[in-house]
Amino acid sequence: MANAASGMAVHDECKLKFLELKTKRTHRFIVFKIEEKQKQVIVEKLGEPTEGYEDFTKCLPADECRYAVYDFDFLTAENVPKSRIFFIAWSPDTSRIRSKMIYASSKDRFKRELDGIQVELQATDPTEMGLDVFKSRAN
């Protein structure tokens, strides 16, 4: 068994669904939750390809931390359609201190499990992950 600090398990479904998002684009976004008792990261919510940014933000609780991945479509300055895979570390100010610490300490390890992340965003309130932020970070 790994020691407590690095002892956050990542459920296989997390990697599987991420792979589907990356290669088949079967999901627009994935919201991940840490089950504190089981000490593992699980898939909490999958977004349909037809769902968009608004649907995504509604899935993030106002006072609990989450990890999320979002497949962001945009047009380049030359009007070429592109997409970027964003990793969002959602850690609202109102969430519990202990929860913030667990999410912060497990983030890098969890992110490494998801091969193909292109941009990382850290957000403590919705304005820090607004569509304008996505657009400026995508280019």
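Trainee: Which residue of strand 3 does Val10 stand opposite?

Mentor: Val10 stands opposite Val41. Keep in mind that we are looking at a predicted model.

Trainee: What makes strand 1 and strand 3 a pair?

Mentor: Two strands pair if there are at least two bridges between them. Strand 1 and strand 3 are joined over two bridges, in the parallel sense, so they meet that cut-off.

Trainee: Why are strand 1 and strand 6 said to stand at the edges?

Mentor: Look at the order of the open six-stranded sheet, 1-3-2-4-5-6. Strand 1 (9-10) and strand 6 (119-123) each have a single partner strand, so one side of each has no neighbour in the sheet.

Trainee: Why is Cys65 called buried?

Mentor: Buried means under 20% relative accessible area. Cys65 has 1% relative accessibility, so it counts as buried. You will find Cys65 in the loop between helix 2 (53-58) and strand 4.

Trainee: Which residues is Cys65 in contact with, leaving aside neighbours within four places in sequence?

Mentor: Its contacts are Trp90, Ser91, Pro92, Ser95, Ser99, Lys100 and Tyr103. Contact here needs heavy atoms within 4.5 Å.

Trainee: How do you know that the buried residues of helix 1 are on the same side?

Mentor: Those residues are Cys14, Lys17, Phe18, Glu20 and Leu21. They cover an arc of only 155° around the axis, which puts them on the same side of helix 1. The face turned away from that buried side carries the exposed residues Asp12, Thr23 and Lys24.

Trainee: What covers the buried residues of helix 1?

Mentor: The cover includes strand 1, strand 2, strand 3, strand 4, strand 5 and helix 3.

Trainee: Which residues have the most contacts inside the largest nonpolar core?

Mentor: They are Phe32, Val41, Tyr67, Val69 and Phe110, in a core of 20 residues. Helix 1 and helix 3 (97-113) are among the elements that each supply at least two residues of this core. A second, separate core has 19 residues, including Leu60, Tyr70, Phe134 and Ala138.

Conventions: Residues are numbered from 1 along each chain as its sequence is written. This is a predicted model: local features need pLDDT of at least 70, side-chain atom pairs count only at pLDDT 80 or more; totals for chains, interfaces and linings use all residues. Side-chain values use heavy atoms; hydrogens and water are left out. A nonpolar core is a set of buried Ala, Val, Leu, Ile, Met, Phe, Trp, Tyr and Cys residues joined through side-chain atoms within 4.5 Å. Buried means under 20% relative accessible area, exposed over 50%, partly exposed in between (1.4 Å probe, protein chains only). Helices (H or I, at least four residues) and strands (E, at least two) are DSSP runs, numbered from the N terminus. The arc is that of the directions from the helix axis to the C-beta atoms.
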